[in-house]
Amino acid sequence: MENRINQVMELADGNKYVVMKQAVYKGESYYVTAKLTDDETDVLEEFKVFKQVMHNEQPCMIEVNDPSLVKLVCKYVGLLDTENQN
């Protein structure tokens, strides 16, 4: 897996995110990101987890909407304290 930490990714809708953490879990690539302003000068307080999938032989990102999977990925990359979480 290519190291994408600190890289900016632009989605098809034009939104831009900086990759803060990345992980491979069960053979799938996940990215914990923070949304950027359009001019990429500031980080907004909007965080999302994306999963990389292949579409027409091109890597694409889809947002992870399953709260359990988001929490698991965040724990896996060290963003949540696993001892004090329910």
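Buried means under 20% relative accessible area, exposed means over 50%, and partly exposed lies in between, with a 1.4 Å probe and protein chains only. This is a predicted model, in which local features need pLDDT of at least 70 and side-chain atom pairs count only at pLDDT 80 or more, while totals for chains, interfaces and linings use all residues. Residues are numbered from 1 along each chain as its sequence is written, and side-chain values use heavy atoms, with hydrogens and water left out.

**View 1. Glu10 in strand S1.** Glu10 is found in strand S1, which covers residues 8-10, where strands (E, at least two residues) and helices (H or I, at least four) are DSSP runs numbered from the N terminus. Because its relative accessibility is 54%, Glu10 counts as exposed.

**View 2. Gly14 and Asp38.** Gly14 has its place in the loop between S1 and strand S2 (16-25), and with 27% relative accessibility it counts as partly exposed. Gly14 and Asp38 are 24 residues apart in sequence, and their C-alpha atoms are 8.3 Å apart in space.

**View 3. The aromatic pairs.** Rings of Phe, Tyr and Trp (its six-membered ring) pair if their centres lie within 6.5 Å, and planes under 30 degrees apart count as stacked, over 60 as edge-to-face and the rest as tilted. By this rule there are two aromatic pairs. Tyr17 and Phe50 form an edge-to-face pair, with 5.2 Å from centre to centre and 65 degrees between the planes. This pair links distant parts of the chain, since Tyr17 is in strand S2 and Phe50 in strand S4 (residues 43-55), 33 residues apart. Both Tyr17 and Phe50 are buried.
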